Amino acid sequence: MRALTYHGAHDVRVETVADPALQEPDDIILRVTATAICGSDLHLYRGKIPSTEHGDIFGHEFMGIVEDTGSAVIELHRGDRVVIPFVIACGSCFFCQHELFAACETTNTGRGSIINKKSIPPGAALFGYSHLYGGIPGGQAELVRVPKANVGPFKVPAALTDDKVLFLSDILPTAWQAVLNAEIGQGSSLAIYGAGPVGLLSAACAKMLGAQTIFMVDDNDYRLAYARDTYGVIAINFEQDDDPADTIIRQTPGMRGVDAVIDAVGFEAKGSTTETVLAALKIEGSSGKALRQSIAAVRRGGVVSVPGVYAGFIHAFMFGDAFDKGLTFKMGQTHVQKYLPTLLEHIEAGRLQPELIVTHRLALEEAAQGYKMFDKKEDECRKVILVPGAGRGA
């Protein structure tokens, strides 16, 4: 089969590799019909995630048709059309029983990214996301082995196109969880740092739930313009505004700040020179710029919701400010399986249209070009979908 493989920072290639095979009784083999490049894939692409090895197959946003099933698979049959959650969960451990699927303690053979781990087990394995998270081959391929197939794969109606349901695999439930964690409701005010796919879909979810005012901070004018025109956000370009948090506060009643902030940027936020040096020396694991801005912009008693990926130590984390303001922090990987039925209902009813963020549809064979374009924000790229099989032999 053909698959996108890693060969070092900024070096990904579509190559012919061995087809996957059933390994466990509850595995399925999926023929991929659509997959996407995620913002968190760029961390891998840039060589920022440890334990990413040459030949690893990327991709954790994918869907397709069931090609084969193991003997213990009872929920699926050959020919079923399914979306695959990026989190691999067993469905029966302590955390799965509490619908904390991203904390599943049985699926990850890696160590996870936690530093002070003591003896606790790592969180769930993830598709295509380094050997820290199990080294499970991802979905930017023609075929994928899907473990725990009685728990993860989610059937989707034939009437809905791949574009409409593909993002149930990750970025739509990630945005949804971020907005629920932020406790957004009718009349809420919200600031979102990051106008990438998760930030944009967070704005869509917040607007649907009745948010009255949404600020969005990014350094990319075309993404901000899209968010303003589509979701009615107040756009702030931090390349033109040295202190977006101050600008946000000045536009809130009583200069109190917003009810909640979503940090959809994560550890590769553009920070200070000091942070760049500390990261290069491996003294610091993440830039704290977006997080400091979030703490500053939110009102007392507010919520900072963090779907953006962080790792290791953070320079100048203003914990004293967070304590003084009585803030609540909610964060972590997404418990995808928990949200899929509700989100599918919203898509079917037309209340959410995640496909609107898509700007590019490429053949899987063009994946390396797609990564470069998404990384460099070329051709006004917001989101890239890859289609296996398309364009081969052309």
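User: Which residues of α11 are buried?

Analyst: Val336, Gln337, Tyr339, Leu340, Leu343, Leu344, His346 and Ile347 are buried in α11. Please note that this is a predicted model.

User: And what covers those buried residues of α11?

Analyst: Several elements take part, including strands β6 (87-88) and β9 (154-155). The helices α3 (162-165), α4 (171-181) and α5 (197-208) are also among them.

User: How many residues does α11 have, and how far does it reach?

Analyst: Helix α11 covers residues 336-348, which gives it 13 residues. From its first C-alpha to its last it reaches 18 Å, close to the 18 Å expected at 1.5 Å a residue.

User: Where does α11 bend?

Analyst: The bend is at Thr342 and amounts to about 30 degrees.

User: What follows α11?

Analyst: Gly350 follows the helix, and its phi is positive, near 80 degrees.

User: Back to α4. At what angle do α4 and α11 pack?

Analyst: The angle is about 100 degrees, and the two axes are 10 Å apart. Angles from 65 to 115 degrees count as roughly perpendicular, so α4 is described as roughly perpendicular to α11.

User: What classes of residue are in that contact of α4 with α11?

Analyst: The contact has nine nonpolar and three polar residues, with no charged ones.

User: Which residues meet there, then?

Analyst: From α4, the residues are Leu172, Pro173, Trp176, Gln177 and Leu180. They meet Val336, Tyr339, Leu340, Thr342, Leu343, His346 and Ile347 in α11.

User: How many of the residues in α4 are buried?

Analyst: Ten of its eleven residues are buried, and α4 is mostly covered. Among the buried ones are Ile171, Leu172, Pro173, Trp176 and Asn181.

User: What covers the buried residues of α4?

Analyst: The cover includes the helices α5 and α11. It also includes the strands β13 (258-263), β14 (298-306) and β15 (328-331).

User: What is found just after α4?

Analyst: Glu183 is found there, with a positive phi of about 60 degrees. Glu183 is a residue other than glycine, and it sits in the loop between α4 and β10 (189-193).

User: Is Glu183 buried or exposed?

Analyst: Glu183 counts as exposed, because its relative accessibility is 52% and the cut-off for exposed is over 50%.

User: Changing topic: what is the phi of His10, and where is this residue found?

Analyst: His10 has a phi near 65 degrees, a positive value in a residue other than glycine. The loop between β1 (2-6) and β2 (12-16) holds His10. Because its relative accessibility is 43%, His10 counts as partly exposed.

User: Where does Ile29 lie?

Analyst: Ile29 lies in strand β3, which covers residues 28-37. Its relative accessible area is 6%, so Ile29 is buried.

User: What does Ile29 touch?

Analyst: Leaving out residues up to four places away in sequence, Ile29 touches Pro20, Ala21, Leu22, Ile65, Val66, Glu67, Asp68, Leu143, Val144 and Arg145. Glu67 is 38 residues from Ile29 along the chain, and their C-alpha atoms are separated by 5.4 Å.

Key. Residues numbered from 1 in each chain as written. Predicted model: local features only at pLDDT ≥ 70, side-chain atom pairs only at ≥ 80, totals over all residues. Heavy atoms only, no water. Helix = DSSP H or I, 4+ residues; strand = E, 2+ residues; numbered from the N terminus. Expected span 1.5 Å × (residues − 1). Bend = angle between axes of the 7 residues up to and from the residue. Buried < 20%, exposed > 50% of the residue type's maximum accessible area, 1.4 Å probe, protein only. Contact = heavy atoms within 4.5 Å. Axes fitted to C-alpha atoms, helices over the stretch in contact; angles between N-to-C directions. Parallel < 35°, antiparallel > 145°, perpendicular 65-115°, else oblique. Nonpolar A, V, L, I, M, F, W, Y, C, P; charged D, E, K, R; others polar.
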